[in-house]
Amino acid sequence: MISIEGLTKRFGDTTAVENLELEIRSGEVFGFLGPNGAGKTTTLRMLSALINPTSGTAQVAGYRLGEDDQALRRNVGILTEAPGLYDRLSAERNLSFFAHLYGVGDVDGRVERYLKLLGLWERRSEPVATFSRGMRQKLAIARAMLHEPPVLFLDEPTTGLDPEASRLVREFIEGLRGEGRTIILNTHNLDEADRLCDRIGVLNTRLLALDTPAALRREVFGSKVVFHLADLRPEFEAIVANFPFVDAVESMDAKLVVTLDDPETHNPALVAALVNAGAQVQFVGEIRQSLEDVYLRLVGNGGTESERGDET
Amino acid sequence: MNRVYRIVRKEWAEIFKNRFVLFTVAFLPLLAALLPLGILYFVSSSPDFAADVGEDIPQEFSALCNNLTGQECIQYFLISQFILLFMILPLAIPITIASYSIIGEKTTRTLEPLLATPITTAELLGGKGAAAVIPGVTATWLAYLVLVIGVALMGVGSGVMDNLLDPFWLIAIIVVGPLLALTGVSVAVIVSSRATDPRTAEQTSMLVFLPILLVFFAQMAGLILIDAQLVLLIALALVVIDAGLMAVAVQLFQRETILTRWK
């Protein structure tokens with residue numbers, strides 16, 4: 001659905017995005033993670049044909065950048081960083097204006113559908129100036145969806161929203177996943193990216209990492225498995241360390257913390273070896289690193305105490 | 001064309017909810033129509049004042065009064081002093097509307113979603129331009145119509161009416177007016193691309209009035225005489241000036257420029 005080839009954007013001497021190479025599949029929810037100024041918004045602007053790349057190109061929804069930008073824009077929806085709504089106009093008027101610009105057929109029907117879908121129908125005639133931040137964001141999402149584009153760009157969709165409004169927006173995005181749309185999400189909210197995205201690209205001018213959230217954790221920290229034992233004897237650590245697929249073993253309290261590849265495959269062998277050596281294995285858990293730790297490691301801010309992770 | 005129409009409708013729905021813009025669009029044309037009528041009424045009812053004015057009429061202007069009586073010449077002289085106000089209207093109104101419209105889009109950050117639609121730059125600029133030019137030109141023409149009807153109702157001589165409807169004044173109102181409105185919009189777009197506050201943009205754009213005011217005062221002082229030749233010269237100059245200003249305005253209104261350089 002989106003094919004990015006060496007996309008680069010420079011503003012004078014400053015490089016905002018450098019040599020971005022990426023394929024995003026149809027129906028995928030893809031997240032760009034990165035610090036402020038990492039080039040996330042610039043990337044979305046280039047992909048929605050708002051600004052031109054300095055070099056490289058991309059194909060979005062079947063249209064190549066710079067060849068038929070009008071058709072490309074017709075096939076993408078964008079939620080910009082700021083909702084950007086006309087405060088003096090009603091919610092209904094805001095949407096119908098954009099529906100006409102996108103050439104939507106049944107404007108009234110489509111506007112009604114999205115206002116109802118986002119719970120704004122009752123307030124449709126009121127000026128947007130009277131809306132809360134969450135309502136504005138929902139209206140801006142409705143505007144991005146109005147022409148039902150196959151590709152949707154969401155730039156920081158929950159920034160500045162209270163937890164309840166954030167949850168509503170997240171649920172709406174989750175609902176869109178079922179419709180088979182390709183969604184590209186820029187976010188600082190790592191929990192949101194973890195929950196919503198099939199894959200994540202960590203961007204800091206260049207693409208630093210690209211994979212599923214789970215695979216990124218493994219790539220950065222490896223998989224850590226905790227064996228809870230009734231009695232921890234010193235030889236157990238050596239027995240586990242002898243396996244070639246084990247990268248590291250650490251004993252603490254009545255637990256063995258083992259770093260290894262592919263725990264699903266190798267855990268049974270480790271459990272069998274420990275039981276044969278006389279260990280009483282009470283239960284086995286996995287330490288799940290937060291995406292925040294992965295992100296901080298990747299963008300070069302070093303590790304934190306929380307890198308010990310949470311056992312699940 | 002449909003998109004241009006939608007932009008115009010949206011602009012009017014939004015901008016005319018702004019009291020200051022509404023005041024400018026309604027008040028200035030009223031002033032331009034009623035001020036000369038009031039003075040004309042005062043002169044008609046005060047023969048002494050009319051006589052004083054008669055002594056101040058420049059000789060060049062008297063040459064235009066060939067077929068008018070003395071009283072009619074005074075009335076025509078007074079009206080013609082204020083007809084230049086009708087050159088200021090099509091500048092002032094579009095500048096006010098365009099300044100508020102463009103800066104409004106900047107401050108509320110509505111330009112990016114708008115530019116993300118399939119609308120072309122020409123459609124967007126055309127819509128915004130039309131939304132500013134049409135009220136300015138319409139208000140000017142209506143105000144001139146009010147002036148003509150008012151003069152007719154006051155029972156001035158037919159010679160004055162003939163002069164008021166002289167082709168050169170009509171060219172000034174019908175041709176030069178819209179050209180000035182285009183000048184106003186282009187200047188407002190250029191200034192608005194750098195300004196962050198509509199009042200500042202409007203006030204800076206108003207500098208474009210200076211040449212018109214110079215002509216106005218030069219005429220009052222009897223230094224120049226506005227005739228058909230001068231009006232046509234102004235119209236031709238405006239065609240060239242507008243073409244240049246519009247080229248600059250379109251360049252500043254490119255998507256990338258707006259999103260990355262407009263502050």
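**Figure 1. The contact between chain A and chain B in the predicted model.** In this predicted model, the contact draws 25 residues from chain A and 22 residues from chain B. On the side of chain A that touches chain B, the elements giving two or more residues are helix H2 (69-74) and helix H3 (91-101) of chain A. Of the elements on that side, H3(A) gives the most, with five residues. Sorted by class, the side of chain A that touches chain B holds twelve nonpolar, six polar and seven charged residues.

**Figure 2. Chain A as a whole.** Chain A has 312 residues, of which 41% count as buried, and its secondary structure comes to eleven helices and 15 strands. The C-alpha trace of chain A spans about 75 × 45 × 30 Å along its principal axes. When contacts in chain A between residues at least 6 apart in sequence are considered, 67% of them join residues at least 24 apart.

**Figure 3. The packing of helices H5 and H6 of chain A.** The axes of H5(A) (residues 133-145) and H6(A) (residues 163-177) come within 9 Å and cross at roughly 15°; because angles under 35 degrees count as roughly parallel, these two helices, H5(A) and H6(A), are described as roughly parallel to each other. The crossing of H5(A) and H6(A) is right-handed. From H5(A), the residues Arg133(A), Gly134(A), Gln137(A), Lys138(A) and Ile141(A) meet Ala165(A), Leu168(A), Val169(A) and Phe172(A) of H6(A). By class, the residues of this contact between H5(A) and H6(A) divide into five nonpolar, two polar and two charged.

**Figure 4. The packing of helices H10 and H11 of chain B.** H10(B) (residues 167-192) and H11(B) (residues 198-205) pack at an angle of about 130°, with their axes 9 Å apart, and H10(B) and H11(B) are therefore oblique to each other. The crossing in which H10(B) passes H11(B) is right-handed. Val187(B), Ala188(B), Val191(B) and Ser192(B) of H10(B) make the contact together with Ala201(B), Thr204(B) and Ser205(B) of H11(B). Among the residues of the contact of H10(B) with H11(B), four are nonpolar and three are polar, with no charged residue.

**Figure 5. Helix H8 of chain B and the residue Gly155(B) just after the helix.** H8(B), which runs over residues 121-153, has 33 residues and reaches 47 Å from its first C-alpha to its last, a span close to the 48 Å expected at 1.5 Å a residue. Just after H8(B), the backbone of Gly155(B) takes a positive phi of about 70°.

Definitions and conventions: Residues are numbered from 1 along each chain as its sequence is written. Chains are lettered from A and ligands numbered from 1 in the order in which they are written. This is a predicted model: local features need pLDDT of at least 70, side-chain atom pairs count only at pLDDT 80 or more; totals for chains, interfaces and linings use all residues. Helices (H or I, at least four residues) and strands (E, at least two) are DSSP runs, numbered from the N terminus. The expected span of a helix is 1.5 Å times one less than its number of residues. Two residues are in contact if their C-beta atoms, placed from the backbone, lie within 7 Å. Ala, Val, Leu, Ile, Met, Phe, Trp, Tyr, Cys and Pro count as nonpolar, Asp, Glu, Lys and Arg as charged, and the others, Gly among them, as polar. Axes are lines fitted to C-alpha atoms, for helices over the stretch in contact, and angles run from 0 to 180 degrees between N-to-C directions. Angles under 35 degrees count as roughly parallel, over 145 as roughly antiparallel, 65 to 115 as roughly perpendicular and the rest as oblique. A crossing is left-handed if the near helix is turned anticlockwise from the far one by less than a right angle, and right-handed if clockwise. A residue is buried if 20 or more other C-beta atoms lie within 10 Å of its own, exposed if 12 or fewer, and partly exposed in between; C-beta atoms are placed from the backbone.
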